[in-house]
Structures are given as C-alpha cells and as structure tokens.
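Please consult the sequence and the model while reading.

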There are 2 protein chains.
Amino acid sequence: MIQSPICEIFGIKYPIFQGGMAWISDARLASAVSLGGGAGLISAMNAGADYVRGEIRKCRESVGSLIFGVNIMLMSPFADDIAQLVVDEKVPLVTTGAGLPSKYMPAWTAAGIKTAPVVPSVAVAKKAAKLGASAIIAEGGESGGHVGDLTTMALVPQVADAVDIPVLAAGGVADGRGVAAAFMLGARGVQCGTRFLTATECNVHRNYKDKILAAKDIDTIVTGKSLGHPVRSLKNAFSRRFFEMEYDNTLSKEAIEAFGAGSLRKAAVEGDVTDGSVMAGQIAALVKDEAPAAEIISRIFSEAENILRGASEWIK
Amino acid sequence: MIQSPICEIFGIKYPIFQGGMAWISDARLASAVSLGGGAGLISAMNAGADYVRGEIRKCRESVGSLIFGVNIMLMSPFADDIAQLVVDEKVPLVTTGAGLPSKYMPAWTAAGIKTAPVVPSVAVAKKAAKLGASAIIAEGGESGGHVGDLTTMALVPQVADAVDIPVLAAGGVADGRGVAAAFMLGARGVQCGTRFLTATECNVHRNYKDKILAAKDIDTIVTGKSLGHPVRSLKNAFSRRFFEMEYDNTLSKEAIEAFGAGSLRKAAVEGDVTDGSVMAGQIAALVKDEAPAAEIISRIFSEAENILRGASEWIK
C-alpha cells in the first residue's frame, strides 16, 4: 500500500480525491469513490442548498462513517448558503474552486471541516495554506473544465516548495504513471476528474461517456480565454464555434457568454455532445473503459505502487 | 548513476539533451553540455550553412569524440542546405522541430546520423518512429518558444504507449524532480531548454538571464495562437502587446507577424527584454542560479537519483 500524509489527514485508504464536476459529481459518484477508498466530492456547482443538502444526505447514507465532501464553486450565487450548509450538515471535507474561501474558513475550521482549496498558482497556494487549509490541490491546465495556465509538471513542484502542507496533484492524472509522477514532483496524492467520468456509478449521459472513451490526445480545446475564464472541453461543433466567436470583434462578450450558457448541462444531462460542452482533460485519451469507481482506484494504485517500487532499478 | 537506453543509444553519461534554442544554442553552450555528460545541440534556426558549419566545427573541436548535434527547424528557408550540411560534416546527432524530417531521413540514416524529432502529439510521434528515428522528444506545451497544446504530463505516457523507441520528455523539467517524474511517465530521458539559459557558457544576453532568474510561476504567456504558431515567452511589454493585437480584428495577420519579426534576436542578442521576446518555459521560476552546464547536469541527476532511489519508501 502507498503511504501518504494525505491518507492520514483525511482518513482514506488511497490518496485520491475525485474532482468536483458540475452536473456530474453527485452523491452516487461521490459515494462510490469514498466506498472505493478515496474521497468522493459532491459538486455544489450553482445549485441551491436544497439540492446540495439532498445529495449530502444520500451520500452520507451510502458511505456511513467514511469521509466525503462538497466541492464549492466560490463564484456560485449560492456560495454563502452552501458554506453554511456544510457546517450545519457536518460535512467532513470541503474543496473549493474559483477563488479562495477566506471568509468561510473560520467557520469551517471551528466546525472541524477539513479543507483543500484547488489552486492554479504559487501565490494562491500560499494564501490557502495561511488560511489554515488541510491540504492544497495544485491543478494543472491540462485538466478539464475551468483551468489555469500552469501545467501540472510546472505547478506541482513550485507549490510543494512554497507550502508546508501536503499537496495533491490534479490535471493529467488517469493512471498509475500519473500518480507516481505526481509523487516524484512533490505531491502526496492526486485528484482525478476525467478518469471518473466513465465510472460505472457516474450518472453523466451515455453519449458523454462514449465521447470520452473515443477521445484522442489532441481532442481537447480551451475556450473562454478572452472572457477571463478559460474552460477545457472536447472539440465539437460547440467548442469550435465558441473559439471562433472569441476572435470575432463584432461580437460582445455578453453575446459569447450567452452562447456558452447552459452548454455543460446540455452535454452532461441531455446528452447533446455536438452542441453542448463536453468538459474533459487532456488525459481523456488514456481513459479506455468503463469500470466501477472502486476498481478504477485500485487499478491506478496497484500500477503506481509497482512503478514506485521499481523506480530504484533505474539507478545502478 | 541513472540507467537508460538513451545513454546507450547516444553514448552519453546522463540521459539529457539540451534544447535547440534559436539565437542562443551555439557551439559554446552545446559543447559545454556535451562535455558535461549530456548531448549539446546547436540551433540551426533560420541561419545559412556557413554559420552552422562554423558552429559545428567549433563544437567538434571542443568536444572531440563526444556526441553533439544540430537542431534543425524544418520551416527554415535553409533547411535543405542544413540537412545536407549535417551529412557532409558527419554530425552525430540531429533533432528536428516544426514538422517531420521525412525527406531527409534516408540520407541521415545512410550517413549514420542519430535522430530525435521533437513531437507535440501521438500521431506525429508514430510517424517519426516509422521514419526510423532513434528516439522521440515528446515536448509539452509548458516549454518555452514554439509550443504544442498537450502538456508533458498528458503527452509523455501517451507517446510512450504509442512507440517502441525511447522517449525523452521536454517541457517543465528543470530539476531532479522533473527527471524522476519523466521516468515515471514512461520517458527514458529529458530535454531541457530553459534550465540551460542561465548556464555560465550560455551566450544569451545578461538581461535575458536576469529576466529568467527573476521569473515567477505565472510569468509566461502564449502568443501567436491565432496565427497558428503559438510561442511561450515571459510577460513583458512586447508579449502583452502581441497578445492584445491577436484579438484586434482591425489588424491583419501580416501586421501581427511583422510586429513579432526579429523579437527573439532583440532580446537574446541585444538584451532588450522589454520590447523583445524573452522565450522561456513555465519552469523558469525553478531556475534560480547561474552555473556551469556540467554542474547543472550533475546536480539535476544527483537529485533525480536520490528521488528515484527513495521512491519505494512510499510503499509499505
């Protein structure tokens, strides 16, 4: 078994978090990951407290005393409500995206909630550590959905140097090689999103899963750079058109934003993978089968353990 | 010492190539890297045969029987001349960028030249292997200069799966952690560019070196995406203005190209790091000192060896 402070801090068997994916990471996926020995995360996305409360309760019913968490998108109009909800519901773990949870941290810490902010840079990582985070998720721009500029290979060692709490590497990790590489870079765990899209327990639309399974290395594209919030998704009619619109000066930013609105739901829930946004990381091409979350996790770590155990053989 | 088929194939002590950097990778830098136990590369950039022949002869005089090479930018107007020159001068190693050297490979193979094309994707890697390349340099988009989309973390395992010749990882590698991670991902060596910018023997302008030494994690930017040839450089007045121009529909592509022309020379040779292009990878922030190339290499591998040797300790 792999040893990591991440396992000790969060009480998990394998040092792996499942990424909070809007419209996708619900109680079913999160509980499957937690039951599989990782930390499952419910995405609060832009949803209100009623929906999130329901998912939290379903998840807890499934996982019993195992850890699970809520991923809070800090730009959500309901962020304040969800920040209070996780305290009221005694959710054991919170991850955050799109900013820093500065104003919520005192209440979360008082409630004994463990926290792991997702960060795109050294400066944000340092601030998160100062706020008292339990760990840092350093996310490279090869990941799916909302992305930063720095890649995992460049970001992880710099964040590991900058903070004295454990770092999880996110972005570009879908197998044991990625986990082993993350450890070499100074991470003590990983967060995977794209790999769990084809978990048996993932409720994302069948068409979305099939699109992931068919993806090749060069099939993702980043859109939204000109709007200040870049997003990585698979190339399709929607993302290509979005990309063109960004270079069209005759269109207002509002028009481009309007074109993108609702596009993830369209793909993930309705299964329209042509005109919807199929968010995924560059590592989608390494996702080659559908399998139960627990099997995905045990496979990744069995491979990682073999690679790490054999690493010293490169040295003579 | 680290063991790798790259060392055997290329007859080098450490499995490291120095990236071919236009206006920067001359005989002095290349020979210092080769004398330090790696493979030094002279950049042929857009130069004619007379300049490149001079550098080849200077390099050979310095390194004696050690391996060194020429990096051929295949879009150069003089590519045909340089492709013949390396045969005439019996250069032991050729790396290529910006395409595939399909038409030159028979002559190079016949001349016993070892080849390692730089590739940005699985499809190009497969073609390069089919052409009879000795190794593949899989370059992630976190690297400096001309970049592809895929990051090192995502690209390297996919290329390693796709070809049966050894892979060198390029992009995001500046220390032993990067080398160790590259090995875990399936690479058997690395190529470093940015790290060698501050080698004592690197003739790049003092101002350029200082700019690299001062760089932070988020200090690079990619420009030229709209022109079809993205380039990563440090943020400065030049790159910021270039980025803005790309979103300005009133400007022709030709006008934008003209704005960029000569900008690397301006920074690297003239030292204008404000209005010139200071090409560098995201890992520039890990480059913290100037040191002889041989010391840079031995330090990187001493760290990599320690990390790889200790990797099995993560498994209990």
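Q: How many residues does the contact take from chain A and how many from chain B?
A: The model is a predicted one. Residues count as in contact when their C-beta atoms, placed from the backbone, lie within 7 Å. On that basis, the contact takes 44 residues from chain A and, from chain B, 44 residues.

Q: Which helix gives the largest share of the side of chain A that touches chain B?
A: The elements giving two or more residues to this side are helix H7 (152-162), helix H8 (176-185) and helix H13 (293-310) of chain A. The largest share amounts to 7 residues, and it comes from H8(A).

Q: How do the residues of the side of chain A that touches chain B divide by class?
A: Chain A brings 44 residues to the contact. By class, they divide into 23 nonpolar, 14 polar and 7 charged.

Q: What rotation superposes chain A on chain B?
A: The superposition has an RMSD of 0.0 Å, and the shift along the axis is 0.0 Å. The two copies are thus related as by a two-fold rotation axis. The same surface serves both copies, since 100% of the contact residues of chain A recur in chain B. The rotation is one of 180°.

Q: Which residue of chain A comes closest to the rotation axis?
A: The distance is taken at the C-alpha atom and is 2.0 Å. The residue of chain A in question is Ala181(A).

Q: How far apart do the C-alpha centres of domain 1 and domain 2 of chain A lie?
A: The domain assignment of chain A gives domain 1 as 5-203 + 286-309 and domain 2 as 206-282. Between these domains, 18 residues of domain 1 are in contact with 18 residues of domain 2. The side of domain 1 that touches domain 2 divides into 6 nonpolar, 9 polar and 3 charged residues. The C-alpha centres of the two domains lie apart by 23 Å.

Q: Are H10(B) and H11(B) roughly parallel or roughly antiparallel to each other?
A: Helix H10 (residues 237-246) and helix H11 (residues 253-260) of chain B pack with their axes 10 Å apart, at an angle of about 175°. Angles over 145 degrees count as roughly antiparallel. H10(B) and H11(B) are therefore roughly antiparallel.

Q: Which residues of H11(B) are met by residues of H10(B)?
A: H10(B) takes part through Phe242(B), Met245(B) and Glu246(B). By class, this contact has 4 nonpolar, 1 polar and 1 charged residues. On the side of H11(B), the residues met are Ile256(B), Phe259(B) and Gly260(B).

How values were computed: Residues numbered from 1 in each chain as written. Chains lettered and ligands numbered in written order. Predicted model: local features only at pLDDT ≥ 70, side-chain atom pairs only at ≥ 80, totals over all residues. Least-squares fit on C-alpha atoms with pLDDT ≥ 70 in both. Contact = placed C-beta atoms within 7 Å. Axes fitted to C-alpha atoms, helices over the stretch in contact; angles between N-to-C directions. Helix = DSSP H or I, 4+ residues; strand = E, 2+ residues; numbered from the N terminus. Parallel < 35°, antiparallel > 145°, perpendicular 65-115°, else oblique. Nonpolar A, V, L, I, M, F, W, Y, C, P; charged D, E, K, R; others polar. Domains from an automatic or database assignment.
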